[in-house]
Amino acid sequence: MRTQTFFKVAVLSGLLAMTGCASKVAAPEQYSGFLKDYSGLKETTSATGKPTLRWVDPSYDPAKYDSIVWNPVTYYPVPKPTTQIGQRTLDELKTYTNDKLKASVSQRKKIVTTPGPHSLIFRGAITGVSSKKEGLQFYEVVPVALVVAGTQMATGHRTMDTHLFFEGELIDAATGKPVVKVVRKGEGKDLNNESTPMTFATLKQVVDDMATDAAMFDVKGQK
């Protein structure tokens, strides 16, 4: 009887752990510190239907701004290449993210290098998180959290989910205060196991979706 009870508890614990891992948005413990303030973030759905965390200043009016100062997307913190994620993949990912997001932003406002009285300042980063080993066996994330939570099945076969975490904000150049903040967790392609190397293609669609959403963002409709 004790054995059966223990087994039921173990199964329930495993299911709960899997449910927590399957969250579509970043949890507070996964915030990197790139943004100075995470208060006010609320879960919403982007224009492409992706869940995201966002805060928008109630008084924010895009029509009041005529330009955006672009700060290139960085890694936060600076990643270290691993056997699964090499430097080439990290470089390709960052370059592609910058190119796609900058192109999307330029569709909305003129890109400038020096802020004016009606400018917004963009800051963004592919960020790092941590994961806890609880319940079923989960893999710790590699630097900058590009891989999280591989589930060990009864057969011993392990698949790995991939995610890209992104944090960004738009700042009013005149006041120095944020008017939009975003924390996003995008799901990439699965890897067969912990030995499968990650390529740029694994996370390309995540970046494409973010770029599309940046171009289509409607502050009135909150998309």
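This is a predicted model: local features need pLDDT of at least 70, side-chain atom pairs count only at pLDDT 80 or more; totals for chains, interfaces and linings use all residues.
Local features require pLDDT of at least 70 and side-chain atom pairs pLDDT 80 or more, whereas totals for chains, interfaces and linings use all residues. Residues are numbered from 1 along each chain as its sequence is written, and side-chain values use heavy atoms, with hydrogens and water left out.

The axes of helix 2 (residues 87-108) and helix 3 (residues 200-216) come within 8 Å and cross at roughly 15°, where axes are lines fitted to C-alpha atoms, for helices over the stretch in contact, and angles run from 0 to 180 degrees between N-to-C directions. Helix 2 is therefore roughly parallel to helix 3, a term for angles under 35 degrees. Helices are DSSP runs (H or I, at least four residues) and strands likewise (E, at least two), numbered from the N terminus. The contact (heavy atoms within 4.5 Å) involves residues including L93, Y96 and L101 of helix 2 and F200, L203 and V207 of helix 3.

The largest pocket holds about 580 Å³ of space; a pocket is an open set of points on a 1 Å grid over the protein atoms alone, where a 1.4 Å probe fits, with protein on both sides within 12 Å along at least five of seven lines, and lining residues have an atom within 4 Å of a point. The volume is the space filled by probe spheres set on the points, which are joined across faces, edges and corners. Of its 27 lining residues, L170, V180, V182, A214 and F217 are closest to the centre.

A cis peptide bond, with omega about -5°, joins Y76 and P77, and P77 is found in the loop between strand 4 (74-76) and helix 2.

Terms used:
Angles under 35 degrees count as roughly parallel, over 145 as roughly antiparallel, 65 to 115 as roughly perpendicular and the rest as oblique.
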